[in-house]
Amino acid sequence: MAVFKATFWRLISGTLGIICLSLMATLGILLKNSFTKLSIESAFTPGPNIELQKDFHCLELLIERTA
């Protein structure tokens, strides 16, 4: 009976390990594709981004006040 339990838990842990590796590989591929898509979209954005300029200006003001 003890041999059956050990074999059973080895099978479960092996299966969970394979599932974990598969999920990590899938996540890696999805993240790689999403960052590639973002860099392509940002490359085709016409003109400077006004939102980023406003945020940067606020950051500059904050740094000037604390210095």
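**Exercise 1.** Determine what secondary structure residues 12-31 adopt in this predicted model, and how far apart the end C-alpha atoms of the span lie.

*Solution.* Step 1: the span 12-31 is 100% helix and 0% strand. Step 2: its end C-alpha atoms lie 28 Å apart. Step 3: the UniProt record, an unreviewed entry, annotates residues 12-31 as "transmembrane region". Step 4: the protein chain as a whole contains two helices and zero strands.

**Exercise 2.** Classify the aromatic pair that a search of the whole structure finds.

**Exercise 3.** Decide whether Phe4, Phe8 and Trp9 are buried, partly exposed or exposed, and state what they form on the surface.

*Solution.* Step 1: the class "exposed" requires over 50% relative accessible area, and "buried" requires under 20%. Step 2: phenylalanine 4, which is located in helix 1 (residues 2-43), has 56% and is therefore exposed. Step 3: tryptophan 9, at 55%, is likewise exposed. Step 4: phenylalanine 8 has 39% relative accessibility, so this residue is partly exposed. Step 5: Phe4, Phe8 and Trp9 form a nonpolar surface patch with about 390 Å² of accessible area together.

**Exercise 4.** State what share of the protein chain is buried and what share of its accessible surface belongs to carbon and sulfur atoms.

*Solution.* Step 1: of the 67 residues, 0% count as buried. Step 2: the accessible surface comes to about 6500 Å², and carbon and sulfur atoms account for 73% of that area.

Terms used:
Residues are numbered from 1 along each chain as its sequence is written. This is a predicted model: local features need pLDDT of at least 70, side-chain atom pairs count only at pLDDT 80 or more; totals for chains, interfaces and linings use all residues. Side-chain values use heavy atoms; hydrogens and water are left out. UniProt positions are given in the numbering used here, feature names are shortened, and annotations may be inferred rather than shown by experiment. Helices (H or I, at least four residues) and strands (E, at least two) are DSSP runs, numbered from the N terminus. Rings of Phe, Tyr and Trp (its six-membered ring) pair if their centres lie within 6.5 Å; planes under 30 degrees apart count as stacked, over 60 as edge-to-face and the rest as tilted. Buried means under 20% relative accessible area, exposed over 50%, partly exposed in between (1.4 Å probe, protein chains only). Accessible areas come from the Shrake-Rupley method with a 1.4 Å probe; for residues, only the protein chains shown count as cover. Patches are made of residues with over 30% relative accessible area and no salt bridge: like charges are joined within 9 Å, nonpolar side chains (Val, Leu, Ile, Met, Phe, Trp, Tyr) within 5 Å. A salt bridge is a side-chain nitrogen of Lys or Arg within 4 Å of a carboxyl oxygen of Asp or Glu.
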